[in-house]
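The tour goes from one selection to the next.

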Amino acid sequence: PHIHVELNFDTVAGGLKQITITGAGFSPGFPIQVFLDGKVVQPEQPVKVDVNGDFSFSMLPTMGLGGHTILVQQKTDKGLIQDASTFILTAGSTPAR
């Protein structure tokens, strides 16, 4: 499996306004769990993996400057599958207020 993290910036006000996480190659029918810097992320809606093993959801940025890691885990009948992505927020890319 693999994930892709897209940072969506506000071109008018500046700053990071949303993070979109998409995944492929996960197992349909099993829930996924998302972590940001080791802490569980609680999405507004449960994230569903479709019949093709794909998912997508967005979250508001809550982190400050520096390096960050998003980890997606899924416990299946065949064991744990996971993927992670890292990114760096600099002074010009802090969360929009």
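**Stop one: Thr76**

Select Thr76 and show its surroundings: leaving aside residues up to four places away in sequence, Thr76 touches Ser27, Phe30 and Ile81. The model is a predicted one. Thr76 sits in strand E6. Is Thr76 buried or exposed? Its relative accessibility is 15%, so Thr76 counts as buried, the cut-off for buried being under 20%. Now display the backbone nitrogen of Lys78: the side chain of Thr76 reaches this atom at 3.0 Å.

**Stop two: the nonpolar core**

Next, select Ile19, Ile21, Ile32, Val34, Phe55, Ile70 and Val72. These are the residues with the most contacts inside the largest nonpolar core, which has 20 residues. Which strands supply at least two residues of this core each? Colour E1 (2-9), E2 (16-24), E3 (32-36), E5 (55-59), E6 (66-76) and E7 (79-89) to see them.

Then keep Ile19 selected and show what surrounds this residue. Not counting residues up to four places away in sequence, Ile19 touches Val5, Glu6, Leu7 and Asn8, then Phe57, Ser58, Met59, Pro61 and Met63, and also Ile70 and Phe87.

**Stop three: Asp37**

Finally, move to the loop between E3 and strand E4 (39-41), where Asp37 is found. Check the backbone here: phi of Asp37 is near 55°, a positive value in a residue other than glycine. With a relative accessibility of 39%, Asp37 counts as partly exposed, because that class lies between the cut-offs of 20% and 50%.

Definitions and conventions:
Residues are numbered from 1 along each chain as its sequence is written. This is a predicted model: local features need pLDDT of at least 70, side-chain atom pairs count only at pLDDT 80 or more; totals for chains, interfaces and linings use all residues. Side-chain values use heavy atoms; hydrogens and water are left out. A nonpolar core is a set of buried Ala, Val, Leu, Ile, Met, Phe, Trp, Tyr and Cys residues joined through side-chain atoms within 4.5 Å. Buried means under 20% relative accessible area, exposed over 50%, partly exposed in between (1.4 Å probe, protein chains only). Helices (H or I, at least four residues) and strands (E, at least two) are DSSP runs, numbered from the N terminus. Contact means heavy atoms within 4.5 Å. A polar contact is a pair of N or O atoms within 3.5 Å; within protein, one must be able to donate a hydrogen and the other to accept it, and residues adjacent in sequence count only if both atoms are side-chain atoms.
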